[in-house]
Amino acid sequence: MKCFIKDKILNIPNIESIIIGVFQSNKLSYFAKKIDVKSNGYISSLIRSEPQLSKPGNGVFLYKIPNINFKKVILVGCGDKDTITYETYIKIIHKSINILKTIVTPTIFFSLLDLNVKSYNLYWKIRIFIDIIYDSFYIFNKYKKSNKYFNLKKIYFTYISKKEKEIGKKAIKHSIAISIGKSYAKNLANCPPNICNPAYLVTCAKQLKHKYKNTINVSVLNATKIKNLGMNAYLSVGKGSKNKPYISIIKYKSINDVLNKKPIIFLGKGVTFDSGGISIKSSYAMDEMKYDMCGAAAVYGILLSVAQLNLPINIIGILAGSENMPDGNSFRPGDIIKTMSGKTVEIINTDAEGRLLLCDTLTYLEKYDPEIVIDVATLTGACITALGKNVSGFMTKDKLLSQELITASNQTNDKIWRLPMFDEYYEELKSNIADLRNVGSGTAGAITAACFLSHFSKKYRWAHLDIAGTAWTSGKEKSATGRPINLLIQFLLNRCKLSQ
Ligand code: BES
Ligand code: MN
Ligand code: ZN
């Protein structure tokens, strides 16, 4: 799918379809009016007889309207012209796409960028549209003899001023880079766990190096190196699995002048299958535990987007790969393990494995002297209980960093909510025989997990994102969502002062 923003759009030959809008009280959008005039009132007569069509969420497909070059027209209701909110705009886009999916068209002109959407300028109207259309047209059928495919190839927009053209181009560039990052992340995350194991994460990381030779480098820590570094907590998680653990380190170094030499590090939990280990999970929906590497997949997508955008900033992405399986060699509840930091951890539950991978990696990455570290992990079911499936949890003690993340979240509607890290939560992590236990002894599991991690991330500015609820949608139509890539690229764009 390619996107273009063009002048004199009606003179471009071979754009097969157009999306137009109608408002309450028989008002027409700019291009709806043009079509109406050319077709001797086809549209206005239609909406006079079907006034319901002007409601957001309604729409209709029209074919071969007399005197019109566009063979196919998608007409959607936009409601009251002067009170279009973000929610209305989303509704309009979703309806357009639902109709679009029922027809065959390689090219389409989305003519509704002139809608007056409250608090959203041209840049954001394009970002939102492209984000939704990429998400809606995503399919994962690598392992399916599927006849389902979409043939939409080109999407056109238009503009009125030169300034708008530049803004439009920037919005297209940003959103395409984000959408490509998201779809690569989704493909990786949707991959079954018999294919996508820790070694597979390494393969994918290395492919990035080939794709972006000038800016990306990849190095790998295998089990031997992990052991020699004293990362015993990391190692313990994979002990029961035949699939050995690997840490992939993806370094992006800008070819442009960098704003800041110290890298921003994204660390992703990459448990390619989480059975729970000896503290085995119940079998209900256990297939979805292949998604326990969604943090790593998101970090992989972020690095791809960053390289695509050539951001003037140094970034390191770390994929913390491992598989958590029950076996005679597995680590057990009761084990005491010495972490790379020197702190000992009493294992209470082998299903709290993510934090064991992350704690040692958080210590390891001190060597990069990072500006900021953000870890991204499907860490706790408790986070889903607290915030549901559309809001990621986040925890940090860094107020400024928190504000930056909230700003990026508000801009992209990639929702997050900050949970507190009060001192009393730390009490729950005390063990009578080791420095820490790996699970809290009470409630607030998402928070105690973050508190556990905070013991290992004291040497730099740090935030933790728990994406357990948001990384994938469950059930029969399960799929990875690509979250929180939009949020985190926005965070970087803001830091580079590149966004609107
Ligand atoms: N990967 C899971 C968390 C999870 C569960 C994410 C369900 C998404 C859906 C994590 O490794 C885990 O098992 N956490 C335990 C922690 C508990 C043992 C303290 C949990 O949340 O139950
Ligand atoms: Mn687990
Ligand atoms: Zn897990």
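Predicted model: local features only at pLDDT ≥ 70, side-chain atom pairs only at ≥ 80, totals over all residues.
Residues are numbered from 1 along each chain as its sequence is written, chains are lettered from A and ligands numbered from 1 in the order in which they are written, and side-chain values use heavy atoms, with hydrogens and water left out.

Donors are N, O and S atoms within 2.8 Å of the metal (3.2 Å for Na, K and Ca), and water is not among the atoms, so sites may look incomplete. Lys269 belongs to strand 10 (residues 264–274) and Asp292 to the loop between strand 10 and helix 9, so the pair ties together parts that are 23 residues apart in sequence. Helices (H or I, at least four residues) and strands (E, at least two) are DSSP runs, numbered from the N terminus. Lys269 and Asp292 are both buried, where buried means under 20% relative accessible area, exposed over 50%, and partly exposed in between (1.4 Å probe, protein chains only).

The manganese ion (ligand 2) lies 3.1 Å from the zinc ion (ligand 3), and Asp274 coordinates both. Asp274 lies in strand 10 and Glu353 in the loop between strand 13 (344–346) and helix 10 (354–364), so the pair ties together parts that are 79 residues apart in sequence. Asp274 is buried at 3% relative accessibility, and Glu353 is buried at 0% relative accessible area.

The axes of helix 6 (residues 198–211) and helix 9 (residues 294–309) come within 10 Å and cross at roughly 5°. Axes are lines fitted to C-alpha atoms, for helices over the stretch in contact, and angles run from 0 to 180 degrees between N-to-C directions. Helix 6 and helix 9 are therefore roughly parallel to each other, a term for angles under 35 degrees. Leu201, Cys204, Ala205 and Leu208 of helix 6 meet Ala296, Tyr300, Leu303 and Leu304 of helix 9, contact meaning heavy atoms within 4.5 Å.

Ser322 is located in strand 11 (residues 315–324) and is buried, with a relative accessible area of 0%. Beyond neighbours within four places in sequence, the contacts of Ser322 include Pro198, Val237, Gly270 and Leu357.

Most residues other than glycine have a negative phi, and most peptide bonds are trans. The peptide bond from Arg483 to Pro484 is cis, with omega near 0°. Asn40, although not a glycine, has a positive phi of about 55° and is exposed, with a relative accessible area of 67%. Ala444, also not a glycine, has a positive phi of about 55° and is partly exposed at 31% relative accessibility.

Notes:
Parallel < 35°, antiparallel > 145°, perpendicular 65-115°, else oblique.
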